[in-house]
Amino acid sequence: MKLLVAGGAGYIGGVVTRLLLDAGHEVVVLDDLSTGRRDSVPDGVRFVQGRVHDVAAEVLDSSFDGVLHFAAFIEAGESVKHPEKYWENNLVGSLRLLDAMRSAGVRKIVFSSTAGVYGDPDQLPIVETAAARPPNPYGASKLAVDLALSGEATAYGIAAVSLRYFNVAGAHRCPDGTMVGERHDPESHLIPIALQVAAGKRDGLQLYGGDYPTPDGTCLRDYIHITDLARAHLLALSTMDCDADPATGRLTVPRESATGGHRIYNLGSGTGFSNREVVEVTRSVTGRPVPFEIAPRRAGDPASLVASSEKARVELGWVPQRPSLPDIVSDAWEFYRRELH
Ligand SMILES: O=c1ccn([C@@H]2O[C@H](COP(=O)(O)OP(=O)(O)O[C@H]3O[C@H](CO)[C@H](O)[C@H](O)[C@H]3O)[C@@H](O)[C@H]2O)c(=O)[nH]1
């Protein structure tokens, strides 16, 4: 397939780009480099610098089979302070991308949604049909795009998949032995910050909130390895069909084992780790001290997010290969020591 990867210079988009290339697909990366890095895009891949808002319409034409859309701001805490940034980038950008796809006749899209759409769930693990009560503008902006995709699939017969990521971490090992990992600037995610502390680059870390209704009072999160997460995108693509009747633009009968419409899948390991446990695992993997203090809660953080990925397992055949948190932290640590020192 010929695919546009919007946000392909970021952590997740960069790893998915590599897996797509390894699988023989042709990839064009579109990224405005607001948070992505040009050197994350593999050599030989056509790279276009720009925002999805306007540049997607210039790049897309009928030779493209589909789009994978990662281009978004992702910090829940920041979204509480600057909500307009999240609506404009995450929602408006996605709507303009859908316009561009419609004009060019591109009819498949895999979208990076998030566990952040759920808010505080009524029960764990969280299934896709659970109520969505986003606790911050970041989650709300992603939920709005999920809803827009449902409408687009119903109205125009496109095939759309929303993958709701839980907490993505670790580093991807490429076939040539190089690694691709997390490099946010400034860093706000728990595991990379804990590794910076272990490496002596920070004096300590703050755990936001010690009075949540969880076993040790700190938040529970479900960590999923970046390579496992990236693989789910290829599986999703392989189950999508939306060949349109050129006369009506409507979906024809799907090929065997492929489906159109809008589908949503949670991607997590199904196991929750508290923030304190993450610090403990980081200590044990690195063999270094990781001092922390309990600080006030961060606005917009739900207490517990743990996935049921049963639907992805059954419908996509997705089975995480590296689900253990020590393995995830160990790969992140190896990347950190190789690349970031
Ligand atoms: O210095 C820190 C950083 C984080 N945390 C805590 O660690 C947990 C995980 O926080 P992260 O910032 O690492 O990740 P989030 O859970 O906020 O969000 C991540 O997972 C979400 C889905 O759960 C979204 O996909 C989002 O894009 C992605 O950043 C939270 O309880 C947070 O409060 C700390 O205590 N101290």
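1. Let's start with helix H6 (190-198) and helix H8 (residues 275-286), which pack at an angle of about 45° with their axes 10 Å apart. Axes here are lines fitted to C-alpha atoms, for helices over the stretch in contact, and angles run from 0 to 180 degrees between N-to-C directions. H6 and H8 are therefore oblique to each other; angles under 35 degrees count as roughly parallel, over 145 as roughly antiparallel, 65 to 115 as roughly perpendicular and the rest as oblique. Helices (H or I, at least four residues) and strands (E, at least two) are DSSP runs, numbered from the N terminus.

2. A word on the model before going further. It is a predicted one, in which local features need pLDDT of at least 70 and side-chain atom pairs count only at pLDDT 80 or more, while totals for chains, interfaces and linings use all residues. Residues are numbered from 1 along each chain as its sequence is written.

3. Back to the pair: H6 passes H8 in a right-handed crossing. A crossing is left-handed if the near helix is turned anticlockwise from the far one by less than a right angle, and right-handed if clockwise. On the H6 side you will find Leu190, Ile191, Ala194, Leu195 and Ala198, and they meet Asn275, Val278, Val279, Thr282 and Thr286 in H8. Contact means that the C-beta atoms of two residues, placed from the backbone, lie within 7 Å. The residues of this contact of H6 with H8 divide into seven nonpolar, three polar and no charged. Ala, Val, Leu, Ile, Met, Phe, Trp, Tyr, Cys and Pro count as nonpolar, Asp, Glu, Lys and Arg as charged, and the others, Gly among them, as polar.

4. H6 also packs against helix H10 (residues 325-340), at an angle of about 55° and with the axes 10 Å apart. That makes H6 oblique to H10, and the crossing of H6 and H10 is right-handed. Ile191, Pro192 and Leu195 of H6 make the contact with Val329, Ala332, Trp333 and Tyr336 of H10. This contact of H6 with H10 has seven nonpolar residues, no polar and no charged.

5. Next, the ligand. Of the 22 residues around the ligand, Ile74, Ala115, His189, Leu190 and Cys219 come nearest; a residue is near a molecule or strand if its C-beta atom, placed from the backbone, lies within 6 Å of it. H6 and strand S10 (205-208) are the elements that give two or more residues to the shell around the ligand, and S10 gives the most, with four residues. The shell around the ligand divides into 12 nonpolar, seven polar and three charged residues.

6. Two peptide bonds deserve a look. Leu124 and Pro125 are joined by a cis peptide bond, with omega about -10°, and Pro125 is found in the loop between strand S5 (108-114) and H5. Another cis peptide bond joins Asp185 and Pro186, with omega about 0°; Pro186 sits in the loop between strand S9 (179-180) and H6.

7. Leu33 has a positive phi of about 60° although it is not a glycine. Leu33 lies in the loop between strand S2 (26-31) and strand S3 (46-49). With 14 C-beta neighbours inside 10 Å, Leu33 counts as partly exposed. A residue is buried if 20 or more other C-beta atoms, placed from the backbone, lie within 10 Å of its own, exposed if 12 or fewer, and partly exposed in between.

8. Finally, Ala153 has its place in helix H5 (residues 137-156) and is buried, with 21 other C-beta atoms within 10 Å. The C-alpha atoms of Ala153 and Gly261 are separated by 5.0 Å, though the two are 108 residues apart along the chain.
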